[in-house]
Amino acid sequence: MVGNGVRKLIERAQPDADCDTVDKLLALFKEYYDKNCMVDTKPYKGIPELLSTLNESGVAVAVASNKYQAAATRIVRHFFPDIEFVTIQGQMEGRPTKPDPSIVFSVLADHPTPKSQVLYVGDSGVDMETARRACVESIGVTWGFRPATELRDAHADHIVSSPSEILDFLSDPF
């Protein structure tokens with residue numbers, strides 16, 4: 001049920017709920033999640049090292065998440081306090097959730113970059129579809145919450161099984 005933002009999660013979990021009920025459940029979810037979003041949460045193995053290597057090499061790093069903005073920012077800043085992100089963007093009112101590519105376009109507006117120089121890294125079919133719709137190259141990762149088959153079915157340009165493999169797709173050698 002996850003992958004398209006919290007509102008969609010609630011709508012999927014409560015398909016008969018009206019809009020007011022969904023709004024109330026969303027408020028309750030956010031209240032709970034704001035207090036507990038770090039519980040049983042940690043970065044995947046190798047991600048802190050990958051992000052440090054990217055920063056040290058001058059590679060711009062951004063976050064585009066379907067988590068609501070406040071949670072996305074809080075989680076990223078908590079687990080990666082020493083990493084420089086050009087932007088951290090979560091779901092915002094009025095902007096469609098992924099796989100709509102609007103969030104990618106917003107990231108690129110914050111940090112103008114030719115699409116030919118963008119690598120969109122994600123762990124789900126939603127991410128691969130977002131990259132496809134934004135016309136940027138995608139890397140599907142197998143350590144996330146979806147299987148590699150979903151990434152292949154969603155036409156990932158590349159699939160990797162460890163964070164260090166992402167470095168192989170950068171223009172400049174390491």
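Colleague: Leaving aside its neighbours within four places in sequence, which residues is Tyr 68 in contact with?

Modeller: Keep in mind that this is a predicted model. Tyr 68 touches Val 6, Phe 29, Lys 30, Tyr 33, Asp 34, Gly 90 and Gln 91, once the neighbours within four places are set aside. Tyr 68 itself sits in strand S1, which covers residues 62-68.

Colleague: Why is Tyr 68 called buried?

Modeller: Its relative accessible area is 8%. Buried means under 20%, so Tyr 68 with its 8% gets that label.

Colleague: And what makes the pairing of the Tyr 68 and Asp 34 side chains a polar contact?

Modeller: The two side chains come to 2.5 Å. The cut-off for such an N or O pair is within 3.5 Å, so the 2.5 Å between Tyr 68 and Asp 34 passes.

Colleague: Now Asp 123. How do you know that Asp 123 has no salt bridge?

Modeller: Look for the nearest side chain of opposite charge: that is Arg 146, 7.0 Å away. A salt bridge needs the atoms within 4 Å, so at 7.0 Å Arg 146 doesn't qualify, and Asp 123 is buried without one.

Colleague: Where is Asp 123 found, and what does it touch?

Modeller: Asp 123 is in the loop between strand S3 (119-122) and helix H6 (125-134). Not counting residues up to four places away, its contacts are Tyr 44, Val 141, Gly 144, Phe 145, Arg 146 and Leu 151.

Colleague: Why are Cys 135 and His 155 called exposed?

Modeller: Exposed means over 50%. Cys 135 is at 57% relative accessibility, so it counts; His 155 is at 60%, so it counts too. Cys 135 lies in the loop between H6 and strand S4 (137-141), and His 155 in the loop between helix H7 (148-153) and strand S5 (158-160).

Colleague: Last one: is the peptide bond from Lys 98 to Pro 99 cis or trans?

Modeller: Cis, with omega near 20°. Most peptide bonds are trans. Pro 99 lies in the loop between strand S2 (87-91) and helix H5 (102-110).

Terms used
Residues numbered from 1 in each chain as written. Predicted model: local features only at pLDDT ≥ 70, side-chain atom pairs only at ≥ 80, totals over all residues. Heavy atoms only, no water. Helix = DSSP H or I, 4+ residues; strand = E, 2+ residues; numbered from the N terminus. Buried < 20%, exposed > 50% of the residue type's maximum accessible area, 1.4 Å probe, protein only. Contact = heavy atoms within 4.5 Å. Polar contact = N/O pair within 3.5 Å; in protein donor to acceptor, adjacent residues only side chain to side chain. Lys, Arg positive; Asp, Glu negative; His and termini not counted.
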